[in-house]
Amino acid sequence: MASSSNDPFDTNLDQRFDDLFDDFFDQQFDETFYRVMEQQATRKPKKKRAYIEREREEGHNRLWNDYFRDDATYPAQTFRRRFRMAKPLFMYIVERLSTEIPFFKQKRDAVGRFSLSGLQKCTTAIRIMAYGCAADAVDEYLRLGASTAISCLENFTEGIIQLFGDEYLRRPTPDDLQRLLNMGERRGFPGMIGSIDCMHWEWKNCPTAWKGQYTRGSGKPTIVLEAVASEDLWIWHAFFGPPGTLNDLNVLDRSPVFDDVLQGKAPKVNYMVNGHQYHLAYYLTDGIYPRWATFVKSIPLPQDEKSRCFAKRQESVRKDVERAFGVLQARFAIVRNPALVWDKEKIGKIMRACIILHNMIVENERGTYTQFNLADFEQVDASRTSHVDRTYSTYMPTNILNLIGNRKKVRDKEIHQRLKDDLVEHIWNKFGNSEDYD
């Protein structure tokens, strides 16, 4: 009787509990649902990327009328100052890039509208390199956005390196060496083929993890450029990339400047100084460089007239590379200002492209350099003794014995000292009679 009387009570209790749970669940679900809906309603809608109609055709027409038509608004002098080169040279670069680099070819879009012209893209890159300005600084005049301007700069530097790097950033050929030797002997240094030094380019956006490696002392992160320059400011060697904590000696240890000499691939040079024969060309350097047969340094604290004459002459001629650095930074402010690029490889391409353009400008403004007649230099005077041995074979087997032998010749301190003593006598005999050693 008791068990049968409890069954209805238990069933009603379970039913009531289920109803209460369902009501509570529905209430919580509704509250959560309405809360989410309210949040979505108050959330700001996602902004779409703004599209700006820049009228790029108008930008091309304005650029053409200002600088490139026959009766252009601005004269040739203004073009040279703003583009850092003469108009024919710039047009030659634009033509090569437009025909051989796909990025600079003008195309039509889906509706048949022309894209940016190669002239606009090249002008954008040159302006950024010449003035060191921000990417969007050319927007109002050339009618292209910041991201497009950055793309123009990257493709322009890659195109310059690809099309002109082999010619305008090459190692000296036998003809080039003969011309450099003639220039050096005329200035009182037989066997000299240039001067070598380093400069630093500040890297503003250097990654934090690398700052200790690229910062010397309490300064800013920098990247080092080692270069060799001649009297006409042509840069013959450029080694860019070592961190700023390295000095000139550490950079020299990493540099490929003597690779051709060590491998026996460099043309052989013969020259006479003070009655002694030498076979290794040399560079003029400052005091930090080692006492090698391929370097000639000044004399610190000269005590006699001969030493003072040599020191003054060496220090004046050695300034060729310093002048080259100054002209390079004056032409391309992007190299003078702190580098804003994060990627070190892109920074290296910018530096390399600036050096190639610098050499192209030197060739364009100083007469034809790569195609010259050696006869112009052969009749100067009978006392000239520096010449390139064109019978010497540069196809020497590259083995460890040859490398060690050539390395010893390059680093021979005895030859260095004998050459320096002979040069002191030579400079004194040639320039010592003049009052100012000029």
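Helix α8 lies across β1 and β3, at about 95° to β1; axes are lines fitted to C-alpha atoms, for helices over the stretch in contact (heavy atoms within 4.5 Å), and angles run from 0 to 180 degrees between N-to-C directions. Helices (H or I, at least four residues) and strands (E, at least two) are DSSP runs, numbered from the N terminus. This is a predicted model, where local features need pLDDT of at least 70 and side-chain atom pairs pLDDT 80 or more, while totals for chains, interfaces and linings use all residues. Residues count from 1 along each chain as its sequence is written, and side-chain values use heavy atoms, without hydrogens and water.

Now the sheet: 5 strands make an open, mixed arrangement in the order β3-β2-β1-β6-β7, with pairing meaning at least two DSSP bridges between two strands. β3 and β7 are the edge strands, each pairing on one side only. Inside, β1 (residues 192-202) and β2 (residues 222-229) run antiparallel, joined by 8 bridges, and Asp-197 stands opposite Ala-227 in β2.

Why does Thr-285 count as buried? Because its relative accessibility is 0%, and buried means under 20% relative accessible area (1.4 Å probe, protein chains only). Beyond its neighbours within four places in sequence, Thr-285 is in contact with residues including Ile-196, Phe-295 and Arg-318.

How values were computed: Buried < 20%, exposed > 50% of the residue type's maximum accessible area, 1.4 Å probe, protein only.
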